[in-house]
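This report is meant for someone meeting this structure for the first time. It takes up the division into domains, then the contact between two of them, and then the surroundings of the ligand.

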Amino acid sequence: MLMNNTQSQVYDVVIMGAGMAGICQARHLLLNIPNIKIALVDPRPEERADKDMKVGESTVEISTLMICKELGLYDYMIENHPPKFGLNFHWPKDPAKTENTDDYFHLWATRQPPLASVLINRPKFERDVLKMNKEMGVEFYNGRVVDVDLTSGDELNSVQVKLGDQQLELKTKHVIDAAGRKFIIGRKTDNLVFGPENLYGVNNGSAWMRVRNVDRTIFHNGYDPANATCSHYYATNHWMGHGHWVWMIPTDTESMELSIGLVHHNDIIPGQSVNTKEKFSAFLEANHNVVYQLLKSGEEVDFHYLPRLAHKSKQMYSRDNWYVIGDAAAMFDPFYSMGMTMMSFQIENVTEIIRAKFAGEADVERKRVVYNNFAVNMIARNNHLVSHHEKQLGNASIMSWRIFLENMWWFGVLIPMYIGKWHLDLPFLHKFGKQGRGAVVAETLEEAYKLFDKLLEKKQNLGFMYTHRMDELPFGYSITKDVSKYIGLSKYEPKHCNIYAEMRNTYFFVALWYLKLLWKGFGLPGLLAPKNFKRVLTLLKISAQSYVDELIFDYQTRNIPTNSAVAKQREEFKNYQPRTELQSWQNLATVDANDIKLPELAEVGS
Ligand SMILES: Cc1cc2nc3c(=O)[nH]c(=O)nc-3n(C[C@H](O)[C@H](O)[C@H](O)COP(=O)(O)OP(=O)(O)OC[C@H]3O[C@@H](n4cnc5c(N)ncnc54)[C@H](O)[C@@H]3O)c2cc1C
C-alpha cells in the first residue's frame with residue numbers, strides 16, 4: 001500500500017529516466033548552468049545486471065563529440081569502452097552462400113575516420129555517469145515516476161515518484177521526459193505519432209541478442225595489411241539483405257561481448273517469423289551464416305524483440321517547460337546510429353533554453369520556438385533517411401550509391417553544423433529554414449530514392465560506389481576530407497567554423513553526384529529530363545548562394561582567431577626564449593663518490 005509523503009522537494013529540473021539521454025542531459029546541464037538543482041528518477045538498480053542491458057551501443061561522430069567533447073569524457077571512454085573504426089557494409093554475392101566473410105561484397109572503412117567514434121557498453125556507461133552526476137550534486141531517486149502534472153506557463157510542475165512503498169512529490173520548474181518508450185509525457189499530451197502512414201512508410205521491427213566470449217576470427221582474423229589502416233571488427237558491421245539488415249557491434253574487449261541484431265521491414269519479413277530467439281537464429285543461419293557461426297561461438301546473455309521500432313513526437317520543447325528527448329521523443333531505425341545523434345542536438349537545445357530562462361533573456365521564447373522547429377524537422381529528416389529501405393537494402397549497387405550520398409550530407413553539413421554550434425544560432429537557423437536549404441536536402445534525397453526504385457525495377461547494375469575513396473567524383477573529392485579547414489585549424493569554438501564553406505562544397509559535389517547517377521542510370525534522356533535538370537540547378541544555386549555567404553562570413557570574422565587558445569599561446573610565445581639550465585635535484589654529481597657502494601664481485605651475476 002502506498003504511503004503519501006506530504007513533504008515535497010523543489011527542483012530546477014526533474015529528469016525522468018536515467019538512461020543514456022537522462023544522464024547525459026543531467027551532466028550537460030551541470031556543466032553549463034552553475035548551481036542548478038537537478039533530480040534524476042529511475043527505477044533501475046544503480047549497479048546494472050545483465051538483465052538491464054539495452055541497445056544503442058554504437059556512436060557516430062556527433063554523438064561521440066557530445067559524449068567526449070561536450071561532456072568531457074574522452075579519458076573515461078578510452079579507459080572503459082572500445083574504440084570504433086567507422087561503418088562497414090556487406091552484401092552477399094550469392095544469398096545462398098554466406099558461410100564466410102569473403103562471400104560478401106564489402107564497403108570497408110579503410111582508415112581511422114578524421115573524428116573518432118566509440119562503441120559503448122551501455123550498462124557500464126549508465127552506471128558510471130550516474131555516479132559522476134551524483135558526485136556533482138544531482139539527487140537520484142531510485143524509484144518510478146507514476147504520474148506527472150504538467151502545468152501551464154511557468155507554474156511549478158509536479159512529478160509523482162513511487163519509491164519503495166512511499167510516494168514522493170517532486171516540484172519542478174522544468175521537467176524532461178527521458179524515460180524512453182514509457183512515453184510518460186507523450187501519452188499525457190497526446191504527442192506521439194506512430195504508423196507507417198505517418199512515418200514515410202517506415203514499418204520495421206527488431207530482434208537482437210548479446211553473446212560473450214565470441215571467436216571473432218570467424219568474422220576476420222585481423223590481418224589485412226594491403227587494404228586497411230584500422231580494425232575491421234571494432235566497427236559497426238552491417239550485413240545487408242532484402243528487406244533487412246543485421247548489425248554486429250562489439251561492446252567489450254575483455255568479455256568479448258558482441259551485440260547482434262536484426263532490423264526487418266514487416267512488408268518483406270513479418271515479425272512473427274523472427275520474434276523468438278530460435279527464429280532469429282534460424283534466420284541468421286539461413287541468410288548470414290557467418291554471423292550465425294559467430295553467434296554460436298559465444299555464450300548467450302540475452303534476447304529481445306521489439307515489434308515496432310519507429311515513432312516520433314509532434315512537439316519537442318513546450319512553452320510549459322516540458323521537454324522530450326532520446327527514445328521518449330523519436331526513433332526510426334539504428335542504421336546510421338542516429339538515436340544518440342538526434343539526442344545530442346536535443347540535449348544542447350534543452351540546456352540552452354533552460355539556461356536562457358534562468359538568465360531572464362528576452363528572446364528565450366523565440367529561442368524555444370526556433371529550436372523546437374529545428375528538432376521537429378531534424379527528426380523528420382532522420383525518419384526520411386530510412387525510407388524506401390524495404391526494397392533497397394539488399395541491392396549492393398543502389399545502397400552503395402545511397403550510402404555515399406547520405407555520407408556527403410553527414411560529413412559536409414551536419415558535422416560542421418554541430419561542431420560550430422550553428423544549431424544553437426537563431427539567425428543561422430532562421431536563414432537555413434527560410435532559404436529552404438534544409439528542405440532541399442530532403443527533396444534531393446526523396447528524388448534520388450525514387451530514381452533508385454526505378455532502377456530496381458529495371459534491375460540495372462550501376463556499379464559499386466566506395467564511400468571512402470577519392471576517385472568516385474571529379475576534383476579528388478573525398479567525403480571524409482581530413483584536411484577540412486575547420487578541423488585543420490581547430491575551429492571548435494561556437495561559430496568559428498565557416499558552415500557556408502562546407503555547404504558550398506557539399507551542395508556542389510552533390511550536384512555532381514546527381515549528374516553521375518542520371519548519366520549512369522538513365523543516360524542523356526535522364527540528364528535532360530526537366531525535373532532532373534532542375535534538381536541539379538537548384539543544388540548549384542544553393543552552392544553559389546553559400547559561396548556568397550562564405551565570403552561574407554570570412555570578411556566578418558577576419559579579425560577573429562581561428563582558435564583562441566592557439567592565439568593566446570602564439571602571443572605568449574613571442575617572449576619565449578629557449579633555455580638550457582635544469583633545476584637542481586639529487587644526482588650523482590652532488591653525491592660523494594665514496595658513498596656509492598659497489599656490489600662484491602661474487603654478487604654480480606648471481
Ligand atoms: C534495436 C535498437 C538499436 C539501437 N541502436 C542504436 C545505436 O547503435 N546507436 C544509437 O545512437 N542509437 C541506437 N538506438 C536508439 C537508442 O535506443 C537510443 O539512442 C538510446 O538508447 C535512447 O536512450 P534513452 O535514454 O532515451 O532511453 P533508454 O535507454 O530506454 O532509457 C530510459 C530510462 O528510463 C527509465 N524509466 C522507464 N520508466 C520510467 C519511469 N516510469 N520513471 C522513471 N524512469 C523510467 C528506464 O529504466 C531507463 O533507464 C537503438 C534503438 C533500438 C530500438
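The domain bounds used here come from an automatic or database domain assignment, and the model to which they apply is a predicted one. In the protein chain, this assignment gives domain 1 as 1–72 + 121–191 + 313–376, domain 2 as 83–118 + 204–309, and domain 3 as 396–567.

**Domain 1 and domain 3**

The centres of domain 1 and domain 3, taken over C-alpha atoms, are separated by 33 Å. To the contact between them, domain 1 contributes 22 residues and domain 3 contributes 18 residues. About 1,700 Å² of area is buried between domain 1 and domain 3, and carbon and sulfur atoms give 73% of that area. On the side of domain 1, the residues that lose the most area to domain 3 are Ile62, Tyr336 and Phe345, which together make up 27% of what that side buries.

Polar pairing is also found between these two domains, with 7 residue pairs in polar contact, both residues being at pLDDT 80 or more. On the side of domain 1 that touches domain 3, the elements giving two or more residues are α2 (61–70), α8 (338–358) and α9 (364–385), and the largest share, 7 residues, comes from α8. The residues of that side divide into 11 nonpolar, 3 polar and 8 charged.

**Salt bridges**

Side chains of opposite charge can pair when their charged atoms come close. The whole structure holds 36 salt bridges, and the count between domain 1 and domain 3 is 2. Lysine 421 forms a salt bridge with glutamate 348, where the closest N and O atoms are 3.1 Å apart. Lysine 421 also meets glutamate 70 in a salt bridge, with 3.1 Å from N to O. This second pair links distant parts of the chain, for glutamate 70 belongs to helix α2 while lysine 421 lies in the loop between α11 (396–419) and α12 (426–434), 351 residues apart.

**Around the ligand**

Which residues come nearest to the ligand? Of the 34 residues around the ligand, those that come nearest are Asp42, Lys54, Ser58, Arg122 and Met340.

| Residue (backbone N or O atom) | Ligand atom | Distance |
|---|---|---|
| Alanine 21 | oxygen | 2.9 Å |
| Glycine 56 | nitrogen | 3.5 Å |
| Valine 145 | nitrogen | 3.0 Å |

Key. Residues are numbered from 1 along each chain as its sequence is written. This is a predicted model: local features need pLDDT of at least 70, side-chain atom pairs count only at pLDDT 80 or more; totals for chains, interfaces and linings use all residues. Side-chain values use heavy atoms; hydrogens and water are left out. Contact means heavy atoms within 4.5 Å. Buried area is the accessible area (1.4 Å probe) that two parts lose on being put together, summed over both. A salt bridge is a side-chain nitrogen of Lys or Arg within 4 Å of a carboxyl oxygen of Asp or Glu. A polar contact is a pair of N or O atoms within 3.5 Å; within protein, one must be able to donate a hydrogen and the other to accept it, and residues adjacent in sequence count only if both atoms are side-chain atoms. Helices (H or I, at least four residues) and strands (E, at least two) are DSSP runs, numbered from the N terminus. Ala, Val, Leu, Ile, Met, Phe, Trp, Tyr, Cys and Pro count as nonpolar, Asp, Glu, Lys and Arg as charged, and the others, Gly among them, as polar. A residue is near a molecule or strand if one of its heavy atoms lies within 4 Å of it.
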